[in-house]
Amino acid sequence: MKRLTQYVLLAALVASVLGIVLAAQPAPTDDQILEAFDKTRFVEATSFTMTVEVVADRPDGTKQAVVQLYFKEINGKRYARIEFLAPEDLKGQVYVSTPDGVFFWQPGLATPLKVSGRQQVFGDSSVAETVGIQFKGDYKIKSRKDVTLPGNKPGLEVELEATDKSVAFQKATVTADKATLRPLKARLFALSGDPLNDVTYQEYATFDKDEYVKKQLIENQLIKTNKTLLTITKIEAKDLPDDLFDPTKLGK
């Protein structure tokens, strides 16, 4: 009985020490949180391409598309390009996202058009959502609080504000796993403050041990019946030419 009591006291002491150690661990800084939100969702290669299947559910049926995405870091800045592989009537449409804005081109246009990052590409997915919303640099943290996730897991809810008026969505709320800072959901807001889309990061995968979001579901908050699922089916790291991301070269 005496030995059992000693074991109980020892276990209580260990639990107390662990609690003190965990409590003493510093909370992540705002920059660390934003960096983690991006690092877990994006492939870290500086030049790569991926194929994405897009399925848009509507009350009158389902529509599908396939887009090829191209990404490259040029002079330390992120560039992206979207091309349609299907359906046939959308082939030739191209979006290029640059630090200077988003540009659209299709056969018949004399010059590319400068559009918003909120421009819909297919279904409910905008240019910004299709290439992936970048939190670090584009947003600052307004507030954060602890929340409880399903299964009683600790979570973190972070309210974000855009750092520049050119950012597609001026406000966002991200819910993440508190331990890993892996984003689980993001709510994107209009300028008025009304919610536009809820984005659920449904499935994560790895590419050469590099974690990324494989599936994300976009649920339209203005038209509740509308949903769009994006699934990455293929990734290839390769050196892409800078001209691919030059809006002045579109159509040439």
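Modeller: Start with a rule: a polar contact is a pair of N or O atoms within 3.5 Å; within protein, one must be able to donate a hydrogen and the other to accept it, and residues adjacent in sequence count only if both atoms are side-chain atoms. Here, the side chains of Asp 198 and Arg 187 are joined by such a contact of 2.7 Å. Another, of 3.5 Å, links the side chains of Asp 198 and Gln 221.

Biologist: What kind of model is this?

Modeller: The model is predicted: local features need pLDDT of at least 70, side-chain atom pairs count only at pLDDT 80 or more, and totals for chains, interfaces and linings use all residues. Residues are numbered from 1 along each chain as its sequence is written, and side-chain values use heavy atoms, leaving out hydrogens and water.

Biologist: In which strand is Asp 198 found?

Modeller: Asp 198 sits in strand 13, which covers residues 195-207. Strands (E, at least two residues) and helices (H or I, at least four) are DSSP runs, numbered from the N terminus. The protein has 15 strands and three helices.

Biologist: Does Asp 198 count as buried or exposed?

Modeller: Buried means under 20% relative accessible area, exposed over 50%, and partly exposed in between (1.4 Å probe, protein chains only). Asp 198 has 18% relative accessibility, so it counts as buried. Of the 252 residues of the protein, 44% are buried.

Biologist: Which residues does Asp 198 touch, not counting those up to four places away in sequence?

Modeller: Touching is a contact (heavy atoms within 4.5 Å). With that exclusion, Asp 198 touches Ala 186, Arg 187, Leu 217, Ile 218, Glu 219 and Gln 221.

Biologist: Now the rings. How many aromatic pairs are there?

Modeller: Rings of Phe, Tyr and Trp (its six-membered ring) pair if their centres lie within 6.5 Å; planes under 30 degrees apart are stacked, over 60 edge-to-face, the rest tilted. The count here is five aromatic pairs. One of them joins Tyr 79 and Phe 245 edge-to-face, at 6.5 Å centre to centre and 65° between the planes. Tyr 79 lies in strand 3 (residues 77-86) and Phe 245 in the segment after strand 15 (227-237), so this pair ties together parts that are 166 residues apart in sequence. Tyr 79 is buried at 17% relative accessibility, and Phe 245 is buried at 2%.

Biologist: Which aromatic pair is tilted, with 55° between the planes?

Modeller: Phe 135 and Tyr 139, at 5.8 Å centre to centre. Phe 135 is buried at 1% relative accessibility, and Tyr 139 is buried at 4%. Ring pairs link Phe 37, Phe 135 and Tyr 139 into a cluster.
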